[in-house]
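Work through the exercises below with the sequence and the model open. Try each task before reading its solution.

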Amino acid sequence: MRTPLPNIDELVNNVAQARYYSSLDLRSAYHQIPLLEEERFYTAFEAGGELYQYKRLSFGVTNGVSVFQRSIDCFIKRYQLQKLYAFLDDLTVTCETIEEQDLNLKRLLDAAAPCNLTFNEDKSKIRMTSLRMLGHLVW
């Protein structure tokens with residue numbers, strides 16, 4: 001099943017409706033998505049006379065972008081995360097108050113833990129009133 005990327009203008013417009021923003025970047029994004037054992041042979045390659053298969057989603061596979069976006073969308077839906085927008089490995093949490101921001105961030109981090117999703121703290125921005133997002137300035 002193919003999954004298109006979210007429409008950037010629509011995504012930015014939805015995020016811009018909020019007052020506060022937090023942007024979290026998934027560390028080694030694709031590599032956080034495990035592959036089913038029966039699907040690993042699709043990633044097989046040969047090097048030095050040996051056959052290798054990826055155990056996790058790899059950059060460059062034909063449907064990698066769709067698989068990754070669908071995985072993140074399913075994660076958001078499964079944990080019923082509200083006011084969270086995803087464009088590949090960039091997750092944006094929105095809200096109207098700092099208290100709501102803290103609650104939404106806690107829900108995201110609590111949901112991410114059992115899924116072994118980790119974030120790049122150096123690229124993440126918390127409790128912002130303006131945000132650069134997909135080539136747009138949101139405020």
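**Exercise 1. Contacts and overall make-up**

Task: Among contacts between residues at least 6 apart in sequence, what percentage join residues at least 24 apart?

Solution. 
Step 1. Bear in mind that this is a predicted model.
Step 2. Take the contacts in the chain between residues at least 6 apart in sequence; of these, 67% join residues at least 24 apart.
Step 3. Read from the N terminus, the order of the elements is α-β-β-β-α-β-β-α-β-β-β.
Step 4. Along the principal axes, the C-alpha atoms fill a box of roughly 55 × 30 × 30 Å.
Step 5. Of the 139 residues in the chain, 36% are buried.

**Exercise 2. The order of the sheet**

Task: In what order do the four strands of the open sheet lie, and which strands stand at the edges?

Solution. 
Step 1. Recall how strands are joined: strands of a sheet pair through backbone hydrogen bonds, in a parallel or an antiparallel way.
Step 2. Here the order is E4-E5-E1-E6, and the pairing is antiparallel.
Step 3. Look at the ends of that order. Strand E4 (84–87) and strand E6 (125–128) each have a single partner strand, so one side of each has no neighbour in the sheet.
Step 4. Compare directions: neighbouring strands of the sheet are turned against each other by 15 degrees on average, direction ignored.

**Exercise 3. Bridges between the strands**

Task: How many bridges join E4 to E5, E1 to E5, and E1 to E6?

Solution. 
Step 1. E4 and E5 run antiparallel and are joined by four bridges. Among the pairs, Phe87 has Asp90 of E5 as its bridge partner, and Ala86 has Leu91 of E5.
Step 2. E4 and E5 form a hairpin with two residues between the strands. In this hairpin, Leu88 takes a positive phi near 55 degrees.
Step 3. E1 and E5 also run antiparallel, with six bridges. One of the pairs is Tyr20 with Cys95 in E5.
Step 4. Strand E1 (residues 20–25) pairs with E6 over two bridges, in the antiparallel sense. Ser23 stands opposite Lys125 in E6.

**Exercise 4. Helices on the sheet**

Task: Which strands do helix H2 and helix H3 touch?

Solution. 
Step 1. Helix H2 (residues 64–78) packs on the sheet and touches E4 and strand E5 (90–95). The direction of H2 makes about 170 degrees with that of E4.
Step 2. Helix H3 (residues 98–112) also packs on the sheet, where it touches E1, E4, E5 and E6. The direction of H3 makes about 145 degrees with that of E5.
Step 3. Check the cover of E5: five of its six residues are buried, so the strand is mostly covered.

**Exercise 5. Buried or exposed?**

Task: Is Ser23 buried or exposed, and is Thr62 buried or exposed?

Solution. 
Step 1. Ser23 is found in strand E1. Its relative accessibility is 14%, so Ser23 counts as buried.
Step 2. List the contacts of Ser23, leaving out residues up to four places away in sequence: Leu91, Thr92, Lys123, Ser124, Lys125 and Leu131.
Step 3. Thr62 lies in the loop between strand E3 (50–52) and H2. Its relative accessible area is 78%, so Thr62 is exposed.

**Exercise 6. Positive phi**

Task: What is the phi of Lys83, and what is the phi of Asn116?

Solution. 
Step 1. Lys83 is not a glycine, yet its phi is positive, about 55 degrees. Lys83 sits in the loop between H2 and E4 and is partly exposed, at 37% relative accessible area.
Step 2. Asn116 also has a positive phi, near 60 degrees, and is a residue other than glycine. Asn116 is in the loop between H3 and E6, and at 59% relative accessibility it counts as exposed.

Terms used. Residues numbered from 1 in each chain as written. Predicted model: local features only at pLDDT ≥ 70, side-chain atom pairs only at ≥ 80, totals over all residues. Heavy atoms only, no water. Pairing = 2+ DSSP bridges. Axes fitted to C-alpha atoms, helices over the stretch in contact; angles between N-to-C directions. Contact = heavy atoms within 4.5 Å. Buried < 20%, exposed > 50% of the residue type's maximum accessible area, 1.4 Å probe, protein only.
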